[in-house]
Amino acid sequence: MVTIEFRPEEMRAVALDQGKVIGECTVTASGRIWLLTHTEVDKAYGGQGIAGQLVDSVVEAARQQGIKIHPLCDYAQKRFTRHRDYDDVKA
């Protein structure tokens, strides 16, 4: 079973399969804005919605901290365009 964790000390969300990192979504802080720089999932786990769950995890952490997000990676840009429910955190 895949689990998702946001790790603030590492500035990333990770997808874990029995403790093994199989995906990540990385963030760089720029003042009160997080730059969502990279989202990647191991190809063996493709098509399961894991990348979306990683972005969701970052969005939720940003909401809790009152941070805005500027999506830079292609995947995050597309996801932010499709999900109007992210508008409250979009920088």
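User: Say two strands pair if DSSP finds at least two bridges between them; how many bridges join strand β3 to β4 here?

Analyst: Strand β3 (residues 20-30) and β4 are joined by 8 bridges and run antiparallel, where helices (H or I, at least four residues) and strands (E, at least two) are DSSP runs numbered from the N terminus. This is a predicted model, in which local features need pLDDT of at least 70 and side-chain atom pairs count only at pLDDT 80 or more, while totals for chains, interfaces and linings use all residues. Residues are numbered from 1 along each chain as its sequence is written, and side-chain values use heavy atoms, with hydrogens and water left out.

User: What do β3 and β4 form, and which residue in the turn has a positive phi?

Analyst: They form a hairpin with 2 residues between the strands, and Gly31 in the turn has a positive phi of about 65 degrees. Within this pairing, Thr39 of β4 stands opposite Cys25.

User: And in which sense do β4 and β5 pair?

Analyst: Strand β5 (residues 68-71) pairs with β4 in the parallel sense, over 4 bridges, and Pro71 in β5 is the bridge partner of Leu36. Together with helix α1 (residues 50-65), β4 and β5 make a right-handed β-α-β unit; right-handed here says that, with the strands pointing away from the viewer, the path from the first strand over the helix to the second runs clockwise.

User: Where is the place of Val41?

Analyst: Val41 belongs to strand β4, which covers residues 33-41. Counting contact as heavy atoms within 4.5 Å, and leaving aside neighbours within four places in sequence, Val41 is in contact with Ile22, Gly23, Ile50, Ala51 and Leu54. From Val41 to Val14 the C-alpha to C-alpha separation is 9.3 Å, for a pair that is 27 residues apart in sequence.

User: Switching to charges, how many salt bridges does the structure hold?

Analyst: There are 8 salt bridges in the structure, each defined as a side-chain nitrogen of Lys or Arg within 4 Å of a carboxyl oxygen of Asp or Glu. A network of them links Glu5, Arg7, Glu10, Arg12 and Glu24.

User: Which salt bridge does Glu10 form?

Analyst: Glu10 forms one with Arg12, with the closest N and O atoms 2.7 Å apart. The side chain of Arg12 also meets that of Glu24 in a salt bridge at 2.6 Å, N to O.

User: Why does the pair of Glu24 and Arg12 tie together parts apart in sequence?

Analyst: Because Glu24 lies in strand β3 and Arg12 in strand β2 (residues 12-17), the pair ties together parts that are 12 residues apart in sequence.

User: Is Arg12 buried or exposed?

Analyst: Arg12 is buried, at a relative accessible area of 19%, given that buried means under 20% relative accessible area, exposed over 50%, and partly exposed in between (1.4 Å probe, protein chains only). Glu10, by contrast, is partly exposed at 36%, and Glu24 counts as partly exposed at 22%.

User: Where do Glu60 and Arg63 lie?

Analyst: Both lie in helix α1, 3 residues apart, about one turn of the helix, and their side chains meet in a salt bridge at 3.9 Å, N to O. Glu60 is partly exposed at 37% relative accessibility, and Arg63 is partly exposed with a relative accessible area of 33%.

User: Aromatics next: what does the count of aromatic pairs come to?

Analyst: The count is 2 aromatic pairs, under a rule in which rings of Phe, Tyr and Trp (its six-membered ring) pair if their centres lie within 6.5 Å, with planes under 30 degrees apart counting as stacked, over 60 as edge-to-face and the rest as tilted. In one of these pairs, the rings of Phe6 and Trp34 have centres 5.6 Å apart and planes at 20 degrees, so the pair is stacked. Since Phe6 lies in strand β1 (residues 2-7) and Trp34 in strand β4, that pair ties together parts 28 residues apart in sequence. Phe6 is buried at 18% relative accessible area, and Trp34 is buried at 4%.

User: Why is the pair of Phe80 and Tyr86 tilted?

Analyst: The ring centres of Phe80 and Tyr86 are 4.7 Å apart with planes at 50 degrees, so the pair is tilted. Phe80 is buried with a relative accessible area of 1%, and Tyr86 counts as buried at 2%.

User: Last one: with which side chain does Arg79 make a polar contact?

Analyst: The side chain of Arg79, a residue of helix α2 (residues 74-82), makes a polar contact with the side chain of Asp56 at 3.2 Å. A polar contact is a pair of N or O atoms within 3.5 Å; within protein, one must be able to donate a hydrogen and the other to accept it, and residues adjacent in sequence count only if both atoms are side-chain atoms. Arg79 is buried at 16% relative accessible area, and, leaving aside neighbours within four places in sequence, Arg79 is in contact with Gly52, Val55, Asp56 and Tyr86.

Terms used
Pairing = 2+ DSSP bridges.
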